[in-house]
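Please work through the exercises below with the structure in view. Each task is followed by a solution in steps.

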Amino acid sequence: MKEQNLAGKSFVVSGLKVIGADSRSRAEAVKTAVRSSAGTWTLQLQYADLEKRVSDAVADNILTPKEKKELQRQWLAIEGMYGTLVEQAKMWGLDNESDDGHTSYQEYLSVYDALKAAVDKLFYDMDSQSTIDGAALQALFQTYYVRDTELNKLLYNKSHGDVEGKLDAVYVKSIDYTYAVTATQDQPNVVTSQTIPTMSEENKYLWQKEVITYKNGTTHEYISLLAVYGDKGDTGDDGKSFTVVIESTNGSVFRMPDVSTTLFCRVYVNGGEVTDAIDESAFRWTRKTDDAQSDESWNSSSKAIGHRTVDITPDDCHGRTVFDCSVDLEI
């Protein structure tokens, strides 16, 4: 962002970005789920990401209220699919001991019950931290993911035949990232750096290439603008230069529906923070999506006006979403 002497003016800076399901449709569909046309089953293909979230939450054997909420989101997703899976399993006779899928079904039920017993105890008190056996809890989640995948494949095979060959074309084997910087905002053709390059006044634009490799060897790649270097402007006649920064407590890029963060707008004059000296009425948050009417409603709501901070949840997002903040400075 360029610093200028603009007392009494508005600064607008880009904040949080949310990538909706309408972008990168194939990759997003693979990372989230594969569904039958009837919508009767879901095969999770993003377990590596989910396991990492659980691992991060339980690594120190202490669950904070925030970490409990993260685990609760994972559990609610599991719980939401449980009834459908059981219903489908019974419809295809997996509850019958003579069926070749009976053992897999029973193993799924057993690990679900064990995980439910473990997490129910944790969710009695969501406002206090709890001491846990992190390794044991993580193992329960990992085992559930394995059994869930096995049962879903089994159910799909029952209704559609062999699914393995079909899944090879959509099953994500790996996701790799490389980076590049450019002097202009034209998308580069070559993005090869394994580490994030240093941005400068000459090379202002930081790009990221995401390469998704599927089990059958096919790949898809996406290049996106990750960040822009902000020039420092000349100090104004009265000796003041201003900087406005948006900070996020939980990262700056999310994929729906995993959106949960608090945005802070901070204001600096000549390098010193003056945020608290500015009345909250001077702060105004704005949202930009592909739904202008909905944006207008959100931007004029009490949530968006008169706050230095704003809590962002899935309810605040509509497809690809960008949040900005403007500050009327009278310093």
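Residues are numbered from 1 along each chain as its sequence is written, and side-chain values use heavy atoms, with hydrogens and water left out.

**Exercise 1.** Determine how helix 3 and helix 4 are oriented to each other.

Solution. Helices are DSSP runs of H or I with at least four residues, and strands are runs of E with at least two, numbered from the N terminus. Helix 3 covers residues 65–91 and helix 4 covers residues 102–122. Their axes are 11 Å apart and the packing angle is about 150 degrees; axes are lines fitted to C-alpha atoms over the stretch in contact, and angles run from 0 to 180 degrees between N-to-C directions. Angles under 35 degrees count as roughly parallel, over 145 as roughly antiparallel, 65 to 115 as roughly perpendicular and the rest as oblique. Helix 3 and helix 4 are therefore roughly antiparallel.

**Exercise 2.** State which residues Gln185 contacts, leaving aside its neighbours within four places in sequence.

Solution. Gln185 lies in the loop between strand 6 (172–182) and strand 7 (205–214). Contact means heavy atoms within 4.5 Å. With those neighbours left aside, Gln185 touches Tyr205, Trp207 and Leu225. Leu225 is 40 residues from Gln185 in sequence, and their C-alpha atoms are 8.4 Å apart.

**Exercise 3.** Identify where the confidence is below 50.

Solution. pLDDT is the predictor's confidence in each residue, from 0 to 100. The chain averages 74, and 72% of the residues score at least 70. Over residues 1–46 the pLDDT is below 50. Where pLDDT is low, the predicted coordinates should not be read in detail.

Terms used: This is a predicted model: local features need pLDDT of at least 70, side-chain atom pairs count only at pLDDT 80 or more; totals for chains, interfaces and linings use all residues.
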